[in-house]
Amino acid sequence: MTSDRPLSAALGTSFAEVIGDPIAQSKSPLIHGYWLEKLGIAADYRRAQVTRAELPSFIAERRADPHWRGCNVTMPLKLDALLLATESRDEAVQVGACNTLMPDPTGLTAANTDVGAIVLVLKRLAEQRPTHSVTLLGTGGAARAVLVALKSLGFTNVAIHARDAEQAFHLANSFGLKQRPQPFDAPIATDGLINATPLGMTGAPPFTLDLGGLPPGGWVFDLVTSPDPTALVTAAQARGLAATGGLTMLVEQAAAAFPLFFGAPPPRSAEDDAELYRRLRA
């Protein structure tokens with residue numbers, strides 16, 4: 001278990017963090033740090049590498065620290081973290097995973113700010129390109145959040161492509177999907193494609209699936225945040241498809257989590273957003 005621990009945090013400043021394994025690639029500290037700086041809030045936001053085996057003891061230690069405001073949770077801890085919570089907000093229950101844990105007087109509250117962020121991104125894509133069918137890659141916590149978002153927007157013509165057929169069928173049945181799940185490398189023949197796997201992420205295997213089945217008016221949403229743009233986004237744009245990477249979702253989910261940790265909304269003017277994205281892409 002490794003973590004960033006600035007001197008200010010060691011001296012007793014309130015802090016929040018992002019946890020996962022791996023975690024070095026996370027841009028969340030830059031996002032929250034920028035907002036804290038703009039608002040003049042004396043607090044820290046850092047990262048900690050935590051394995052699934054270490055998670056219960058790590059959270060117990062943090063829960064005992066009066067300066068800890070909570071944490072964002074990323075792969076592969078989103079399902080495990082929900083089980084540690086004593087209270088769960090509706091979106092976390094619907095997803096069956098959480099990306100945000102906060103201390104409360106009696107324990108821990110779980111939330112999932114991924115869902116609202118994904119809804120915003122999907123709305124923008126659907127407004128650009130007519131969407132009647134979607135392929136979703138993956139069955140983990142991120143994929144579950146995508147399915148909740150799709151359901152809230154009325155999309156049921158969704159095909160899950162996954163290596164774990166049992167889990168894919170379970171999700172398809174749970175969310176009332178019309179399409180039968182397919183093997184992960186099955187041809188993609190829908191209006192939209194959502195990658196909710198780590199493929200293409202820095203340090204992970206590359207994304208190699210063929211995009212030839214997507215129509216000229218189709219779109220791609222890659223939840224991977226690093227690198228930016230991902231190879232998938234670049235390939236989609238080269239084919240004339242609308243394509244969005246994970247940075248947009250990352251910023252939107254962070255914007256929903258920030259007030260939960262620090263008690264104030266983040267600065268989101270056009271100028272603030274432009275500067276934030278400039279820093280994220282530097």
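Predicted model: local features only at pLDDT ≥ 70, side-chain atom pairs only at ≥ 80, totals over all residues.
Me: Which residues have the most contacts inside the largest nonpolar core?

Reply: They are Ile118, Leu136, Ile160, Ile194, Phe221 and Leu223, in a core of 35 residues. Helices α6, α7 and α8 and strands β8, β9 and β12 each supply at least two residues of this core. The most comes from α7, with 8 residues. Take Ile194 as an example: leaving aside neighbours within four places in sequence, Ile194 is in contact with Leu122, Val134, Thr135, Leu136, Leu137, Val146, Leu150, Trp219, Phe221 and Leu223. As background, nonpolar side chains in soluble globular proteins tend to be buried together.

Me: Why is the pair of Phe261 and Phe262 called edge-to-face?

Reply: Look at the distance and then at the angle. The ring centres are 6.0 Å apart, which is inside the 6.5 Å limit for a pair, and the planes stand at 75 degrees, over the 60 needed, so the pair is edge-to-face. Both Phe261 and Phe262 are buried.

Me: And what makes the pair of Phe258 and Phe262 tilted?

Reply: Here the centres are 5.0 Å apart and the planes make 50 degrees. An angle under 30 degrees would count as stacked and one over 60 as edge-to-face, so 50 degrees falls among the rest, called tilted. Both residues lie in helix α10, 4 residues apart, about one turn of the helix. Phe258 and Phe262 are both buried. Together with Trp35, Tyr45 and Phe261, they form one aromatic cluster.

Me: How do you know that Lys78 and Asp114 form a salt bridge?

Reply: Check the distance from nitrogen to oxygen. For their side chains this is 2.7 Å, and the cut-off is 4 Å, so the pair qualifies. A search of the whole structure finds 11 salt bridges.

Me: Why are Lys78 and Asp114 called buried?

Reply: Buried means under 20% relative accessible area. Lys78 has 11%, so Lys78 is buried. Asp114 has 5%, so Asp114 is buried too.

Me: Why does Arg124 count as partly exposed, while Glu252 counts as buried?

Reply: Arg124 has 38% relative accessibility, between the 20% and 50% limits, so Arg124 is partly exposed. Glu252 has 12%, under 20%, so Glu252 is buried. These two residues form a salt bridge, the closest N and O atoms being 3.8 Å apart. Glu252 lies in helix α10 and Arg124 in helix α6, 128 residues apart.

Me: What are the classes of Arg268 and Asp273?

Reply: Arg268 is partly exposed, because 29% lies between 20% and 50%. Asp273 is buried, because 17% is under 20%. Arg268 and Asp273 form a salt bridge, with the closest N and O atoms 2.8 Å apart.

Me: How do you know that the charged end of Arg46 is placed over the ring of Phe15?

Reply: The charged end of Arg46 sits 3.8 Å from the ring centre of Phe15, and the distance limit is 6 Å. A limit of 35 degrees from the ring normal applies as well. Elsewhere, Arg163 lies over the face of Phe184, at 4.3 Å from the ring centre.

Me: Where are the cis peptide bonds of Pro22 and Pro76?

Reply: One joins Asp21 and Pro22, with omega about 10 degrees, and Pro22 is found in the loop between β2 and α2. Another joins Met75 and Pro76, with omega about 0 degrees, and Pro76 has its place in the loop between β4 and α4. As background, most peptide bonds are trans.

Terms used:
Residues numbered from 1 in each chain as written. Heavy atoms only, no water. Core = buried A, V, L, I, M, F, W, Y, C linked by side-chain atoms within 4.5 Å. Buried < 20%, exposed > 50% of the residue type's maximum accessible area, 1.4 Å probe, protein only. Contact = heavy atoms within 4.5 Å.
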